[in-house]
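Please open the structure in your viewer and keep the selection tool at hand. Each stop below says what to select and what is there.

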Amino acid sequence: MSNLLVIGYGNPLRGDDAVGQVVARVLSDWYLPNVKVLSLHQLAPELADDLAEVGTVYFIDACMDRTLEHPRVAEIQSGNSTVNVSHFSSPQDLLVLAKQLYDCEPRAYLIEIPAESFEINEGLSAKARKGVKEVLEYLRGVLANNQVVKQITMPEKFPQDL
Amino acid sequence: MKRITIDPVTRIEGHAKISIFLDDDGNVNDARFHVTEFRGFEAFCVGRPLWEMPSLTARTCGICPVSHLLASAKAGDEILAVKLPPTALKLRRLMNLGQIIQSHALSFFHLSSPDFLLGFDSTPEKRNVFGLMEAEPELAKRGIRLRKYGQEIIAALGGQKIHPAWAVPGGVREGLSEEGRKILLESLPEARETTFVALGLFKKLLDAFPREVASFGNFPSLFLGLVTPEGLWEHHDGVIRVVAANGAIVADKLDPTTYLDFIGEASSGSSYLKSPYYRPLMDETQTVTSDSAGLYRVGPLARLNICDRVGTPLADKELTEFRNRVGRVALSSFYFHYARLIEILAAIEAAELHLNDPDITSQRVRAEAGINRERGVGVSEAPRGTLFHDYTVDENGLIKKVNMIIATGHNNLAMNKTVKQIAKEFIQGSDIQEGMLNRVEAGIRAYDPCLSCSTHAIGQMPLDIKIFSQQGELVKELVRD
């Protein structure tokens, strides 16, 4: 069973909204033991099942605040969510679901990557690419601290074609 | 004249708002449903290779990727002019059944059942899936597992749940493994049991909502969708049938690829969503409105209304009971929810038949060919209704033109009419209560519209209701976070 879950999400046809999936795709290629990586268009309620099976989860998304220059990492908690669930859920929604349905509360972090454009387009802006690289460096450190992986080779190129 | 705006509408996919216009006496004069998200996706596809279209269109939406994938692959089949290997066709059908199960489960359990189980007038803090978890935790869990089962069917075939680039012109990339078949068969009984639990619950609740049944899109209209050539329930192939409110078959055995002969599309200045209509009943020199004779509905309710029977024993038994309760043709859109549950059952039965078919694990799943036609139309039943992909290519297979009619678009006129009917029934004057507005929203949710098909998830969606005087002055505002 994995002890760490990474979920990169966003719309790959909406420019920089793809950054979460780009990070997830790179991580998948690292074939990390004990780490489950999901690359998704959006968060949906059944992911509560996956959250209930791990100790730590990282959500990786594009940041719609265009003033953000570097990736932002924040620990998040379920709290008392009262939002109206749509076809998509927020990370906090999923934490509430996991807690209420399965009495599980993984440690959770939201990593937001700076983004410039969400127009219909494939490919990342320079700012988003820089953010992807910074997040991968960050995750390499996190994973090393967790002693899950001894050494990770950073890719020279990031996948553009998802 | 006063105007009430619900912007955005919650618990649907995409960006939309509802405007309600009151006259000086406080009575509803008109109501409109607007889609404020512009897709622009058809132009984006121009210049792309045909073979890329299934995976590209599947990425337009996190909710309906399988539907786009299959309709796109079918359009590609037409252009290649190939006949699919039998197993490829069965596998595509199996994936579409998984899509119907997961999509309908989400709609029923997570988006709409809080209204039924907790009441339209309960507080918004409680009337959501979290309130449902407190009130009915086992049901909430079952709902999640049922949706997951549908996703597992898709994953067993496509390899990834959200955007499986699996169906291609000429067939599919990979067959189903023996292990995958075994796993899906093992989980199937629980999915069937959950569906019966939900059906039993909904049937008990139905009598508690006579006013909603009477006003949630309860009007005569046409119903359109695919049936088998023999008139049975269909979700992927077959022919188009159009049925009137009295059950009369208006048109039958229409070739879906000739859709332009019988479906027209009108534009409105107030919404990005076009308004398809049934051309033979329209005077096309007149403006298309929600009162036009060409209004039709698609989706689960339409599919049950147009078919003679489903063709599987459990679903047929439920369909008989459904028709005994509501009539041969169900006119109220409130019954979309009921129809969804019957379709989940039908999909589970059909999936079981496919999974027990010895050919289902054959690895002969793709026909290869070059460009043999310049145009191809792919039609499939998405959970929300009939989906059309229409491509024109050059001699190298590069896309020159794309036209897509998405399932939600077909229901645009009906959703407008539904909003107006509910508003007239429940809203009077400027003293607007939460429960009244939730009913207006719930009328739209009955259709389970997917408006985004490319929209970035915006997370929390507040409800903002504004009431304006005839002079445009803000009289009252209600905001729900």
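How are helix 6 of chain B and helix 7 of chain B oriented to each other? Select both to find out; keep in mind that this is a predicted model. Helix 6 covers residues 137-158 of chain B. Its axis and that of helix 7 of chain B are 9 Å apart, at an angle of about 140°. An angle over 145° would count as roughly antiparallel. Helix 6 of chain B and helix 7 of chain B are therefore oblique to each other. Their crossing is left-handed.

Now show the side chains between these two helices. From helix 6 of chain B, the residues in the contact include Leu139(B), Leu146(B), Tyr149(B) and Ile153(B). From helix 7 of chain B they include Leu184(B), Leu188(B), Ala191(B) and Val197(B). Sorted by class, the contact has ten nonpolar, three polar and five charged residues.

**Stop 1: Arg181(B)**

Stay on helix 7 of chain B, which spans residues 178-206, and select Arg181(B). Is Arg181(B) buried or exposed? Its relative accessible area is 14%, so Arg181(B) is buried. Setting aside residues within four places in sequence, its contacts include Leu176(B), Leu355(B), Asp357(B) and Thr361(B).

**Stop 2: helices 3 and 4 of chain B**

Next, select helix 3 of chain B, residues 65-80, and helix 4 of chain B, residues 86-118. The two axes come within 9 Å and cross at roughly 155°. These helices are therefore roughly antiparallel to each other. The crossing is left-handed.

To see where they meet, show Arg92(B), Met95(B), Asn96(B) and Gln99(B) in helix 4 of chain B. On the side of helix 3 of chain B, the partners include Pro65(B), Val66(B), Leu69(B) and Asp77(B). This contact is made up of six nonpolar, three polar and three charged residues.

- Glu78(B) is in helix 3 of chain B. With a relative accessible area of 30%, Glu78(B) is partly exposed. Beyond its neighbours within four places in sequence, Glu78(B) is in contact with Thr257(B), Arg373(B), Gly376(B) and Val377(B). To try the distance tool, pick the C-alpha atoms of Glu78(B) and Gln363(B): they are separated by 22 Å, and the two residues are 285 residues apart along the chain.
- His110(B) is in helix 4 of chain B. His110(B) counts as buried, at 3% relative accessibility. Not counting residues up to four places away in sequence, the residues it touches include Pro45(A) from chain A, and Val129(B) and Ile144(B) from chain B.

**Stop 3: helices 11 and 12 of chain B**

Move on to helix 11 of chain B, residues 313-326, and helix 12 of chain B, residues 336-355. Their axes come within 8 Å and cross at roughly 165°. The two helices are therefore roughly antiparallel to each other. Helix 11 of chain B passes helix 12 of chain B in a left-handed crossing. Residues in the contact include Leu314(B), Leu319(B) and Phe322(B) of helix 11, and Tyr338(B), Ile342(B) and Leu345(B) of helix 12. Nine nonpolar, no polar and four charged residues take part.

**Stop 4: the nonpolar cores**

In soluble globular proteins, nonpolar side chains tend to be buried together. Here, the largest nonpolar core has 127 residues. Select Ile7(A), Phe59(A), Phe322(B) and Ile427(B): these touch the most other members. Helix 12 of chain B supplies the largest share of this core, 13 residues. Another core, of 29 residues, lies apart from it, and its members include Leu4(A), Val6(A), Leu124(A) and Ala128(A).

**Stop 5: helix 1 of chain A**

Select residues 19-29 of chain A, which form helix 1. How many of its eleven residues are buried? Eight are, so the helix is mostly covered by the cut-off of under 20% relative accessible area. Among the buried ones are Val19(A), Gln21(A), Val23(A) and Leu27(A). After the helix comes Tyr31(A), with a positive phi near 50°.

**Last stop: chain B as a whole**

Finally, zoom out to chain B. The chain has 15 helices and 16 strands. Of its 481 residues, 63% are buried. Among contacts in chain B with a separation of 6 or more, 70% join residues 24 or more positions apart.

Key. Residues are numbered from 1 along each chain as its sequence is written. Chains are lettered from A and ligands numbered from 1 in the order in which they are written. This is a predicted model: local features need pLDDT of at least 70, side-chain atom pairs count only at pLDDT 80 or more; totals for chains, interfaces and linings use all residues. Side-chain values use heavy atoms; hydrogens and water are left out. Axes are lines fitted to C-alpha atoms, for helices over the stretch in contact, and angles run from 0 to 180 degrees between N-to-C directions. Helices (H or I, at least four residues) and strands (E, at least two) are DSSP runs, numbered from the N terminus. Angles under 35 degrees count as roughly parallel, over 145 as roughly antiparallel, 65 to 115 as roughly perpendicular and the rest as oblique. A crossing is left-handed if the near helix is turned anticlockwise from the far one by less than a right angle, and right-handed if clockwise. Contact means heavy atoms within 4.5 Å. Ala, Val, Leu, Ile, Met, Phe, Trp, Tyr, Cys and Pro count as nonpolar, Asp, Glu, Lys and Arg as charged, and the others, Gly among them, as polar. A nonpolar core is a set of buried Ala, Val, Leu, Ile, Met, Phe, Trp, Tyr and Cys residues joined through side-chain atoms within 4.5 Å. Buried means under 20% relative accessible area, exposed over 50%, partly exposed in between (1.4 Å probe, protein chains only).
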